[in-house]
Amino acid sequence: MLNSILVPIAREGRPFIAIFAVATIVLALIADWLLVPGLILTAWCVYFFRDPNRVTPVRDGLVISPADGVVVSVGPAPWPKELAMGEGEVQRVCIFMNVFDVHVNRIPVDGRITKLAYVPGAFVNASLDKASEQNERQLVAMETRDGRPTAFVQIAGLVARRIVCKISEGQSLLAGERMGMIRFGSRVDVYLPPDVAPLVALGQRCVAGETVIADLDSGEKAREGAVR
């Protein structure tokens, strides 16, 4: 019972929580009635930076959602040009996180990090398709255990102002491992290996580290003209 209430807090959030708490004390000293909004904002900050444990499926070949949120786009897209992964289109799944979702991101598939690329940019609404090209973003290329290419991109949103990425090139990781976060509203795009079909639909809610978004070993091929 207690474990379901006391959810772990991401380390990146501790300075923000401290700032909100100090601000609440200052506001209360100015006027008693300011204590209530201060406590509400501090509680929201704690809630935003929560980092619950997740139970990740462990079967080989599964691609797991790297983010909590809603699928806002599923369909063909070229590999991100910044990662130099070649020409042609693959299937992309875009997951939008609002300010009430858990913002800790996780590795989508077992494999090795082959390239990282950071691109500064704008802060338009992350639910829009153009955010993939215009917004600040952290791009990650991976190679699965059997040598297949895949990639995912952390994209800053309308009010997000910092992407945290704690992985490095050459590092081998397992699906579901924590790899960073995006502060205050954002999106994560996943680029599947060629010919792999997504197993999620537009509008579906995903849970980071738990929801299966594709199966590399399913034998189901990606279809042309998927819904975007």
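Buried here means under 20% relative accessible area, exposed means over 50%, and partly exposed is in between, with a 1.4 Å probe and protein chains only. Before I go on, a word on what you're looking at. This is a predicted model, where local features need pLDDT of at least 70 and side-chain atom pairs count only at pLDDT 80 or more, while totals for chains, interfaces and linings use all residues. Residues are numbered from 1 along each chain as its sequence is written, and side-chain values use heavy atoms, with hydrogens and water left out.

Back to our pair. Arg106 and Asp51 form a salt bridge, with the closest N and O atoms 3.9 Å apart. By salt bridge I mean a side-chain nitrogen of Lys or Arg within 4 Å of a carboxyl oxygen of Asp or Glu. Helices (H or I, at least four residues) and strands (E, at least two) are DSSP runs, numbered from the N terminus.

What else does Asp51 touch? Skipping neighbours within four places in sequence, Asp51 is in contact with Val7, Pro8, Ile9, Ala10, Val104, Arg106 and Arg178. Contact means heavy atoms within 4.5 Å. With Arg178 there's also a side-chain polar contact of 2.8 Å. For a polar contact we want a pair of N or O atoms within 3.5 Å; within protein, one must be able to donate a hydrogen and the other to accept it, and residues adjacent in sequence count only if both atoms are side-chain atoms. Put together, Asp51, Arg106 and Arg178 are linked in a network of salt bridges.

Now look at Asn53, in the loop between α3 and β1. Is Asn53 buried or exposed? Exposed, because its relative accessibility is 61%. Asn53 is in contact with Pro8, Arg106 and Arg178, leaving aside neighbours within four places in sequence, and its side chain makes a polar contact of 3.1 Å with that of Arg178.

Let me zoom out for a second. We have 4 helices and 13 strands. There are 228 residues in the protein, and buried ones make up 48% of them. Take the contacts with a separation of 6 or more: 75% of those are between residues 24 or more positions apart.

On to the inside. Nonpolar side chains tend to be buried together in soluble globular proteins. A nonpolar core, for us, is a set of buried Ala, Val, Leu, Ile, Met, Phe, Trp, Tyr and Cys residues joined through side-chain atoms within 4.5 Å. The largest one has 28 residues, and Val63, Val71, Ile107, Met142, Phe152 and Ile167 touch the most other members. Which strand gives the most to this core? That's β3, with 3 residues. If you click on Phe152, you'll find Ile107, Met142, Ile167 and Met179 among the residues it touches, not counting those up to four places away in sequence. There's a second, separate core of 12 residues, including Trp79, Leu83, Ala141 and Tyr191.

A few more salt bridges, then. The count comes to 12. One of them joins Lys166 and Glu12, with the closest N and O atoms 2.6 Å apart. That pair links distant parts of the chain, 154 residues apart: Lys166 is in the loop between β8 (163-165) and β9 (172-173), Glu12 in the loop between α1 (2-5) and α2. Lys166 counts as exposed because its relative accessible area is 53%, while Glu12 counts as buried, at 15%. Then there's Asp189 with Arg187, where the closest N and O atoms are 2.7 Å apart. Asp189 is buried, with a relative accessible area of 1%, and Arg187 is buried, also with 1%.

Next up is Ser65, in the loop between β1 (62-64) and β2 (69-78). Ser65 counts as buried because its relative accessibility is 0%. A polar atom of its side chain lies 2.7 Å from the backbone oxygen of Ala67.

Last stop, backbone angles. Ala84 isn't a glycine, yet it has a positive phi of about 50°; you'll find Ala84 in the loop between β2 and β3. Asp195 also has a positive phi, near 75°, in a residue other than glycine. Asp195 is exposed, with a relative accessible area of 51%.
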